[in-house]
Amino acid sequence: MRRGPRTCRSTPTLRAAYAGVMPNIDVISFSRGAPSLDIVDTEGLKAAAVAALDADPAGTTGYGTSVGYPALREWIAAKHGVQPENVLVTNGSMQADAFLFDALVKPDSAVVVERPTYDRTLLGLRERRGRLHPVRVQADGLDVDELEVLLKDGVRPSLAHIIPNFQNPAGVTLSGEKRVRLLQLAEDYDFTIFEDDPYLDIRFRGDQFPTMLEQDAGRRVVYASSFSKTVCPGLRTGYLVGPADLIAQIAAAATNTYIAPNMFAQSTIYQFAASGALDRSIETVKAALEERVDQLAASLRAHLPNAEFVVPDGGYFLWVDLGEGVDCAKVAAAAADEGVQVVKGTDFVLDGGESCLRLAYSAVKADRIDEGVRRLAKAVETSRA
């Protein structure tokens, strides 16, 4: 169903998603955005690790520098059409987020966030005491009209955090027209767009939109991504792309934080990418996720016919609104008793309705999804009793 996601009230963490499951139940987890092991190229990673040690034992096992493993930094720069000095490779994209927030968000800085948005984004910005201005997400991404009204009313953000492709948690994609308008608003009102884009390469149908980084003529965009969704999360490698002076500033902070990120992981990823294994991995992941989301949508229509959702064209997540009068906290607890793990929609917004769930389909094989939704439907009925 094509409509914008309804949003829900905030809670602090995902802990409840992993708690309360009764023993001896075959658990089906829609809670965590991670690939199932069958779509991780473990053999390719073994070969890449060996190649890293053979090709550059000193660089792979040494401290390195805060900007990241040089060959991977150059590979990322080439991918995005920038110079290496515009790239910082980090221990996961969440660390990239943290460094950027430290650089640009001061106490009481106005920050635009999507509604809903990734719960760890809300946590990171709250920890830095930013003044958050949520703007609703529609079926084609951020409501740019609502943002423009906010700006005309006098809000002057230092930063707008945007997840443009297959947004976490809503699963929607920012349209090409909205990307252009957002860039113009950033220019007109002098703010930075944080283009948080870990799902870019996981489009399994439809046409790819240009990134805002590619279209940015005025140094308004800082871009982040990760290899967690295309390779595996265990290697904990992400990166920032931005103006060279900002990257140098963040690199200095990174030096003081950890001297250097994980060179072994980054060297392994470089060899994985250079060998062609990354491209093959992405194709494997896309094929599996397309099958899984189509099964999830079909099962939701069959077992929860009143639910409303947007079927993603890529990524890991589907946002479902279970309808008026449903309490997602009660549903999540009842689902845990049925052996299904879900995440309450209330974790992803500051305030709003309580009828939403985020379903991560990435870790559930297609032949288990229908059973998972059957259990979820039973939990919805139980929560209403």
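Mentor: Let us begin with a group: Asp145, Glu148, Lys152 and Arg181 are joined in a network of salt bridges. A salt bridge here is a side-chain nitrogen of Lys or Arg within 4 Å of a carboxyl oxygen of Asp or Glu. The model is predicted, so local features need pLDDT of at least 70, side-chain atom pairs count only at pLDDT 80 or more, and totals for chains, interfaces and linings use all residues. Residues are numbered from 1 along each chain as its sequence is written, and side-chain values use heavy atoms, with hydrogens and water left out.

Trainee: How many salt bridges does this rule give?

Mentor: The count comes to 25 salt bridges.

Trainee: Where do Lys46 and Glu43 lie?

Mentor: Both are in helix H1 (residues 42–55), three residues apart, about one turn of the helix. Helices (H or I, at least four residues) and strands (E, at least two) are DSSP runs, numbered from the N terminus. The side chains of Lys46 and Glu43 form a salt bridge at 3.1 Å, N to O.

Trainee: Are Lys46 and Glu43 buried or exposed?

Mentor: Both Lys46 and Glu43 are exposed. Buried means under 20% relative accessible area, exposed over 50%, and partly exposed in between (1.4 Å probe, protein chains only).

Trainee: Which parts of the chain does the pair Arg220 and Glu187 link?

Mentor: Their side chains meet in a salt bridge at 3.2 Å, N to O. This pair links distant parts of the chain, 33 residues apart: Arg220 is in the loop between helix H8 (212–215) and strand S8 (221–226), and Glu187 is in helix H7 (residues 176–189). Arg220 counts as buried because its relative accessibility is 16%, whereas Glu187, at 40%, is partly exposed.
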